[in-house]
Amino acid sequence: MKKLFLLLLMVGAGSTMQAQEDWAKMTEIFDQVYSLATDLNQQTEKVTAQGSVISIITGKGTISVERKQDKSKPEEKKHFYYNLLTSNGKSIKLDKMNAERVIESFQSKLLKLKEELRVNQDADVENILKNLFN
C-alpha cells in the first residue's frame with residue numbers, strides 16, 4: 001500500500017512540474033509575440049501592445065489577448081492566466097490549450113502582417129527610386 005501511495009505521489013508531482021514548465025514556456029512565447037507586436041506598432045496602428053495586452057484591430061473590431069498574473073500562486077513562480085477580449089466587451093478566460101492556440105494565432109497573424117508591411121515598403125521604395133531615376 002505504501003508503494004502504491006508513493007507511486008501516485010511521484011506521478012502527481014511529476015505532472016505538476018510538467019504543467020509549471022508548460023506555463024513557463026507559454027510566458028516566453030507571449031513575451032516574443034508582445035515584442036513583435038511592439039515592433040509592428042511602430043509601423044501600423046492596427047497592432048498595439050500595451051501593459052499586458054496585445055491587440056489587433058480588424059475590420060470587424062478589436063481582438064486582444066491579455067495576460068494577468070495569478071494572485072493565488074506565489075509571485076516568484078510568475079504563474080499567469082490568459083483572457084481573450086473582444087471589442088464588444090466579451091472576455092473569455094483561456095485554459096492552457098486554448099491559450100496556446102490563441103497566442104500562436106496572434107503570432108502567425110503578426111508575422112504575416114510584418115511580411116506584408118516589409119513587401120509593401122520594398123515596393124514603395126522601388127517605385128520611388130524608379131520614378132526618381134527615370
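**Entry 1: terms and layout**

I call a helix a DSSP run of H or I with at least four residues, and I number helices from the N terminus. The model I am reading is predicted. I counted elements first. I find two helices and five strands in the protein. From the N terminus on, I read the order as α-β-β-β-β-β-α.

Of the 134 residues in the protein, 24% are buried. I also looked up how far apart in sequence the contacting residues are. Among contacts with a separation of 6 or more, 41% join residues 24 or more positions apart.

**Entry 2: the nonpolar core**

I went to the largest nonpolar core next. This core holds 21 residues. I noted the members with the most contacts inside it: Ile54, Val65, Tyr82, Ile103, Phe106 and Leu110. Which elements each supply at least two residues of this core? I list helix H1 (2–41), strand E1 (47–50), strand E2 (53–58), strand E4 (80–86) and helix H2 (96–133). As background, I note that nonpolar side chains in soluble globular proteins tend to be buried together.

I picked Val65 and looked up its partners, leaving aside neighbours within four places in sequence. Val65 is in contact with Ser52, Val53 and Ile54, and also with Phe30 and Asn83. Val102, Ile103 and Phe106 complete the list for Val65.

**Entry 3: aromatic rings**

How many aromatic pairs are there? I count two. I took the pair of Phe30 and Tyr82, which is tilted. Their ring centres are 5.7 Å apart, with 50 degrees between the planes. Phe30 lies in helix H1 and Tyr82 lies in strand E4, so this pair ties together parts that are 52 residues apart in sequence.

Ring pairs link Phe30, Tyr34 and Tyr82 into a cluster.

**Entry 4: Arg67**

I moved to Arg67, which is found in strand E3 (residues 61–69). Arg67 has a relative accessible area of 15%. The cut-off for buried is under 20%, so Arg67 counts as buried.

What does the side chain of Arg67 meet? I find a polar contact with the side chain of Asp31, at 2.9 Å. Arg67 also lies over the face of Phe80, 4.4 Å from the ring centre.

I checked for a charge over Tyr81. Lys93 lies over the face of Tyr81, at 4.4 Å from the ring centre.

**Entry 5: Asn83**

I looked up Asn83 in strand E4. Asn83 is buried, with a relative accessible area of 7%.

**Entry 6: salt bridges**

I searched the whole structure and found four salt bridges. I wrote up three of these.

Lys68 pairs with Glu66, and their closest N and O atoms are 4.0 Å apart. Which of the two is buried and which is partly exposed? Lys68 is partly exposed at 36%, whereas Glu66 is buried at 14%.

Lys96 pairs with Glu100, with the closest N and O atoms 2.2 Å apart. Both residues lie in helix H2, four residues apart, about one turn of the helix. I get a relative accessibility of 23% for Lys96 and 29% for Glu100. Lys96 counts as partly exposed, and Glu100 does too.

Arg118 and Glu115 meet through their side chains, at 2.5 Å from N to O. Arg118 and Glu115 are three residues apart in helix H2, so about one helical turn separates them. Arg118 is partly exposed at 42% relative accessibility. Glu115 is partly exposed at 38%.

Conventions: Residues are numbered from 1 along each chain as its sequence is written. This is a predicted model: local features need pLDDT of at least 70, side-chain atom pairs count only at pLDDT 80 or more; totals for chains, interfaces and linings use all residues. Side-chain values use heavy atoms; hydrogens and water are left out. A nonpolar core is a set of buried Ala, Val, Leu, Ile, Met, Phe, Trp, Tyr and Cys residues joined through side-chain atoms within 4.5 Å. Buried means under 20% relative accessible area, exposed over 50%, partly exposed in between (1.4 Å probe, protein chains only). Contact means heavy atoms within 4.5 Å. Rings of Phe, Tyr and Trp (its six-membered ring) pair if their centres lie within 6.5 Å; planes under 30 degrees apart count as stacked, over 60 as edge-to-face and the rest as tilted. A charge sits over a ring if NZ of Lys or CZ of Arg is within 6 Å of the ring centre and within 35 degrees of the ring normal. A polar contact is a pair of N or O atoms within 3.5 Å; within protein, one must be able to donate a hydrogen and the other to accept it, and residues adjacent in sequence count only if both atoms are side-chain atoms.
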